[in-house]
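Have a look at what's on the screen, and I'll talk you through the bits I picked out.

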Amino acid sequence: MSLTEYFELVFTDYTLRTITLGTAVLGAICGMLGSFAVLRKQSLLGDAISHAALPGIALAFLITGAKDTNILLLGALVSGLIGTFWIRGMITKTHLKTDTALGLILSLFFGFGMLLLTFIQKQPNANQAGLDKYLFGQAATLVEKDVTLMVLVTGISLVILLLFWKEFKILLFDADYTKTLGFNTRFIDILITFFIVLAIVLGLQTVGVVLMSAMLLAPAAAARQWTNKLSTMVFLAALFGAFSGVFGTAISASENNLSTGPVIVLVAAVFVTFSFIFSPGRGLLFRELRFRKNRRDLQLQKTLQFMYGIAQTHEDFTHPHAVKILNNFQGFTRKTLQKLEEKNWITLTGQDWSMTAQGFRKAKNLYNQQEDE
Amino acid sequence: MSSPQIEIQLIAMVVAIACAIPGVFLVLRKMALISDAISHSILPGIVAGFFITHDLNSPILILLAALTGVITVVLVEAIQKTGLVKEDTAIGLVFPALFSIGVILIAKNANDVHLDVDAVLLGELAFAPFDRLLLSGVDLGPKSLWIMGSILLITLVLLFLFFKELKVSTFDAGLSSAMGISPIVMHYGLMSVSSITVVGAFDAVGAILVVALMIAPAATAYLLTANLKKMMLLSVGFGIFSALAGYWVAHWLDASISGSMTTVLGLVFLGVYLFAPNKGLLAVLYRHKQQRTEVSLITFLLHLNNHSEERERHINHLNEHINWQKVRSQSVLDLALKNNMITIDHKIVSLTEKGKEFTDLALEYIITNKDEKIEPMKDDFFLFRG
């Protein structure tokens with residue numbers, strides 16, 4: 001199936017439509033909540049939580065014996081939350097640092113989950129096939145019910161986000177101030193963390209434990225480059241996330257043997273790379289261009305300053321001088337002289353230059369930090 | 001015990017020790033998550049190496065994969081240096097992207113590659129004894145034992161050679177530069193050793209559980225001691241214990257060995273986290289509670305000291321004046337009584353001689369903030385111990 005075929009089929013074919021919708025919604029909610037995770041410097045919390053959710057899935061299966069997605073995800077949610085609060089307890093109550101706490105929870109919970117999974121596999125009665133889809137995710141297993149759940153959760157988190165927008169925002173930027181204003185910071189903090197965990201758990205079935213953190217981070221990191229405004233960033237991140245979902249699904253559907261999760265992550269990575277390079281405000285390309293322009297301007301101003309020194313020795317500063325005099329000074333070329341003339345700072349006549357009134361004023365005020373006129 | 005069983009336990013032990021040593025430094029340098037990133041992003045390196053060598057245990061593959069690990073670190077640092085995102089975001093962006101490339105590479109070449117993502121991520125120790133090193137027809141034991149053994153040997157040699165340098169650059173990068181020991185060289189040296197260890201161990205215990213073997217013993221030891229040498233010995237000890245106990249738990253449950261090794265590590269950590277003498281959760285909570293009571297006691301004594309009128313010293317007045325709950329005031333009162341600091345006469349509280357002395361000392365301490373004033377009190381009270 002080629003890409004064009006995919007886009008023709010996506011509106012008619014049930015499976016494709018479900019999967020595309022699912023990944024798009026997932027991308028959107030992850031981008032939305034991921035923005036907060038990134039800004040709160042909790043980027044890797046997603047990684048830890050997604051791994052910590054694994055034993056929850058296995059335990060939920062062991063206890064209920066059911067393969068119902070919702071029950072398994074509930075188990076994942078509970079163990080993800082336990083992991084989150086344990087991380088927090090470790091950071092506040094002991095001298096272990098954030099990175100150690102995250103790495104511990106991530107690997108220990110995951111190891112315990114693996115123990116349970118292999119244990120389940122050896123059980124005689126188990127129709128356990130399909131539990132390991134949570135490791136790497138299989139978008140193909142998404143059915144309408146799962147997508148409905150995703151839409152529902154996204155709707156709820158959107159409502160919560162709008163209701164508590166002010167609180168989330170102020171906590172994000174100045175936690176101490178929030179406390180002095182009388183907000184219950186603990187509650188707001190737990191609320192936003194809860195929804196981040198929820199988004200992660202929701203994505204496990206589609207992109208899997210290992211790649212979930214990228215789903216959360218990448219759209220937000222890309223969106224951050226384009227704006228300094230929180231609302232714009234959240235909106236853009238949701239958009240990037242949704243597009244990564246759709247494109248990723250399209251590409252993986254159009255080729256054989258391409259699992260959806262990794263492709264979505266790579267598409268999101270392309271978004272990030274593009275934003276890093278081409279965003280007008282912070283991007284590397286424009287930053288480099290700005291640096292060059294500044295360097296050139298400085299060079300021009302240095303030349304002008306040197307000319308000013310020469311022109312000053314003469315009573316009439318517009319008196320022409322030979323270009324040759326400038327030879328002591330290395331930083332000029334024909335071209336830069338022409339540039340200076342374009343700016344109306346000097347006039348060139350043959351082999352001579354002379355300063356204009358405007359150029360003289362400019363040079364005089366160059367180091368005064370004040371703009372002329 | 002059959003000989004494969006002994007071999008498995010031996011491999012598990014060697015892997016655990018080889019991981020624990022770099023792990024200590026990673027935890028101390030606050031770079032624990034770098035091990036997580038490396039363990040994921042070596043995947044494309046392993047796949048590429050596998051295309052070349054067609055042997056999962058070949059040294060070339062290990063070097064190639066370890067190189068990917070070092071590249072990950074370099075990439076993370078490069079992204080961080082642009083200032084566009086924070087360090088943790090940089091880590092979180094780099095390794096999933098590299099891991100995805102690895103997964104896709106495997107999927108696209110599924111026919112040529114007898115390599116499966118599950119195996120890389122999870123490993124299977126139980127199969128390790130079947131892959132044997134044959135040298136001119138002589139069976140020298142399992143291959144992975146030789147590989148991990150050599151990695152461990154290299155790590156140990158480097159550790160003994162550069163222990164002083166590692167120590168100073170870990171705790172004070174500025175001092176180490178001043179002494180002519182480049183922290184950057186140490187940093188990349190440690191990163192290379194960690195990469196090689198992770199790659200060597202992924203075959204046996206899987207990429208993610210390597211992270212557990214690196215971080216958990218070190219973190220557990222860190223809760224028990226602040227001495228680097230003791231911390232290293234302890235974490236090696238925890239590693240060995242988890243390898244042996246984990247093997248038998250797996251044997252008993254008929255489950256994954258690496259999974260149960262991690263679970264044992266988790267339980268050990270949980271125990272130490274709760275019960276460690278000074279830094280454990282219970283000790284910390286107890287200390288906090290104790291300190292809170294003592295602050296209350298001092299507040300109370302100072303209050304008594306300030307007021308001579310009876311109305312202010314009436315027992316019922318405490319609640320309203322210092323704004324304490326009933327239970328709290330009662331417990332503070334009891335504590336003060338028990339220490340003979342106050343006497344209660346017709347519901348009027350007054351300071352005893354001892355209480356007066358104590359209050360004066362405390363007051364002096366608060367004003368001057370000098371330690372020697374309270375030296376003798378330190379034995380009785382947590383509060384002044386720092």
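So, B:Lys108: buried, exposed or partly exposed? B:Lys108 has 15 other C-beta atoms within 10 Å, so partly exposed is what we call it, because that label covers whatever falls between 12 or fewer for exposed and 20 or more for buried. It's a residue of helix α4 in chain B. If you go from B:Lys108 to B:Val249, you move 141 residues along the sequence, and C-alpha to C-alpha the two are 37 Å apart in space. Before I go on, keep in mind that this is a predicted model.

Chain B puts 52 residues into it and chain A puts in 47. On the chain B side, the elements giving two or more residues include α2, α5 (117–122), α9 (207–224) and α12 (281–306). Which element gives the most on that side? That's α4(B), with 13 residues.

Now chain B as a whole. You're looking at 15 helices and 4 strands. The chain has 386 residues, and 43% of them are buried.

Next, the cores. The largest nonpolar core has 200 residues, and the ones touching the most other members include A:Ala218, B:Ala12, B:Met148 and B:Leu213. As for who supplies this core, the largest share is 24 residues, from helix α11 (residues 185–224) of chain A. There's also a second, separate core of 11 residues, with B:Phe300, B:Leu301, B:Met341 and B:Ala362 among them.

A:Ala218 sits in helix α11 of chain A.

Okay, helix packing, one pair per chain. In chain B, helix α2 (residues 32–53) packs on helix α8 (residues 183–205) at about 55°, with the axes 10 Å apart. That angle is why we call α2(B) oblique to α8(B). The crossing there is right-handed. From α2(B) you've got B:Ser35, B:Ile38, B:Ser39 and B:Ile42, and they meet B:Ser194, B:Ser195, B:Val198, B:Val199 and B:Phe202 in α8(B).

In chain A, helix α2 (residues 14–39) and helix α8 (residues 144–163) have axes that come within 9 Å and cross at roughly 25°. So α2(A) is roughly parallel to α8(A), since angles under 35 degrees get that label. This crossing is left-handed. On the α2(A) side the residues include A:Leu21, A:Val25, A:Ile29 and A:Leu33, and among those they meet in α8(A) are A:Val147, A:Met150, A:Val151 and A:Leu161.

While we're on chain A, there are two domains: domain 1 runs 3–282 and domain 2 runs 289–368. How many Å separate their centres? Over C-alpha atoms, it's 59 Å.

Most residues other than glycine have a negative phi. A:Asn344 has a positive one, near 70°. You'll find A:Asn344 in the loop between α15 (334–342) and β2 (346–349) of chain A. A:Asn344 is exposed, since it has 12 other C-beta atoms within 10 Å.

B:Asp254 isn't a glycine either, and its phi is positive at about 55°. B:Asp254 is in the loop between α10 (228–253) and α11 of chain B. It has 11 C-beta neighbours inside 10 Å, so B:Asp254 counts as exposed.

That's my tour. Happy to take questions.

Technical notes. Residues numbered from 1 in each chain as written. Chains lettered and ligands numbered in written order. Predicted model: local features only at pLDDT ≥ 70, side-chain atom pairs only at ≥ 80, totals over all residues. Core = buried A, V, L, I, M, F, W, Y, C linked by C-beta atoms within 7 Å. Domains from an automatic or database assignment. Axes fitted to C-alpha atoms, helices over the stretch in contact; angles between N-to-C directions. Parallel < 35°, antiparallel > 145°, perpendicular 65-115°, else oblique. Left-handed = near helix turned anticlockwise from the far one by under 90°. Contact = placed C-beta atoms within 7 Å.
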